[in-house]
Amino acid sequence: MRPDIRPMTGEDRAAIVTILRALPEFTPDEVAIAEEVIDVYLQKSFSSGYHIFVSEVGSSVIGYVCYGPTPLTVGTWDMYWLAIDMKSQGQGMGRALMAFAEARIRENQGRLIIIETSGKPEYEKTRRFHHSQGYTIASRIADFYAPGDDKLILEKRLV
Ligand SMILES: CC(C)(COP(=O)(O)OP(=O)(O)OC[C@H]1O[C@@H](n2cnc3c(N)ncnc32)[C@H](O)[C@@H]1OP(=O)(O)O)[C@@H](O)C(=O)NCCC(=O)NCCS
């Protein structure tokens, strides 16, 4: 089924937090940060520096994407979060949300998208997803998050 993608509202908050808490990829600390970002967005909309859209199938919210222009750059955007409910994964929903965000970034004269992620083995599935969507590893900082947990900076150039 084709998802509807629309800007997040306060009514979507509980559903998104439930999705995030159930995903093994995110720690409670990471979910807390995601919630803080959501609350800033809900107060200030796009002027917060964050753009958040949800994906809905039928009347259920099944995922969200959060991205925004990187401050002090010309045309560089950060893709901060992308999450799809466990039950809805593997059906093209992540690809659809990512493509939607990329199209909007393009419309806003974006030329470079950056994703920061962990190099831990648990993120292998996520890395395969990013690779399939055209993101490549621009750099790696060894032991950034913790000993043995590298930071990967992924990039995708739109022009
Ligand atoms: C990563 C995530 C967003 C992918 O969403 P999804 O809806 O499951 O992915 P899709 O069904 O749209 O798959 C898109 C592509 O990724 C590939 N892919 C997805 N899951 C994969 C897996 N487990 N193994 C290999 N490839 C995979 C598919 O082959 C597909 O390729 P295609 O576009 O050539 O067909 C989702 O799994 C998720 O929310 N994971 C947990 C949170 C997370 O890691 N978020 C990203 C970092 S913030």
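About 1,200 Å³ of space lies in the largest pocket. A pocket here is an open set of points on a 1 Å grid over the protein atoms alone, with protein on both sides within 12 Å along at least five of seven lines. Volume is the space filled by probe spheres set on the points, which are joined across faces, edges and corners.

This is a predicted model: local features need pLDDT of at least 70, side-chain atom pairs count only at pLDDT 80 or more, and totals for chains, interfaces and linings use all residues. Residues are numbered from 1 along each chain as its sequence is written, and side-chain values use heavy atoms, with hydrogens and water left out.

The pocket lining holds 38 residues, each with an atom within 4 Å of a point. Nearest the centre are Phe-26, Leu-82, Tyr-123, Thr-126 and His-130. Strand 4 supplies the largest share of the lining, seven residues. Helix 2 (28–44), helix 3, strand 5 (112–118) and helix 4 are also among the elements that each supply at least two. Helices (H or I, at least four residues) and strands (E, at least two) are DSSP runs, numbered from the N terminus.

The ligand takes up the space of this largest pocket; the test is that more than half of a molecule's atoms lie within 2 Å of the grid points. Strand 4 (76–84), helix 3 (93–107) and helix 4 (124–132) are the elements that give two or more residues to the shell around the ligand. Helix 4 gives the most, with five residues. The shell counts 19 residues, each with a heavy atom within 4 Å of the ligand. Leu-82, Gly-92, Gly-94, Arg-95 and Thr-126 are the closest.

By class, the shell has seven nonpolar, eight polar and four charged residues. Gly counts as polar, Tyr and Cys as nonpolar, and Asp, Glu, Lys and Arg as charged.

The protein covers 76% of the 930 Å² of accessible area that the ligand has on its own (Shrake-Rupley method, 1.4 Å probe).

Key. On a 1 Å grid over the protein atoms alone, a cavity is a set of points where a 1.4 Å probe fits but cannot get out, and a pocket is an open set with protein on both sides within 12 Å along at least five of seven lines; lining residues have an atom within 4 Å of a point.
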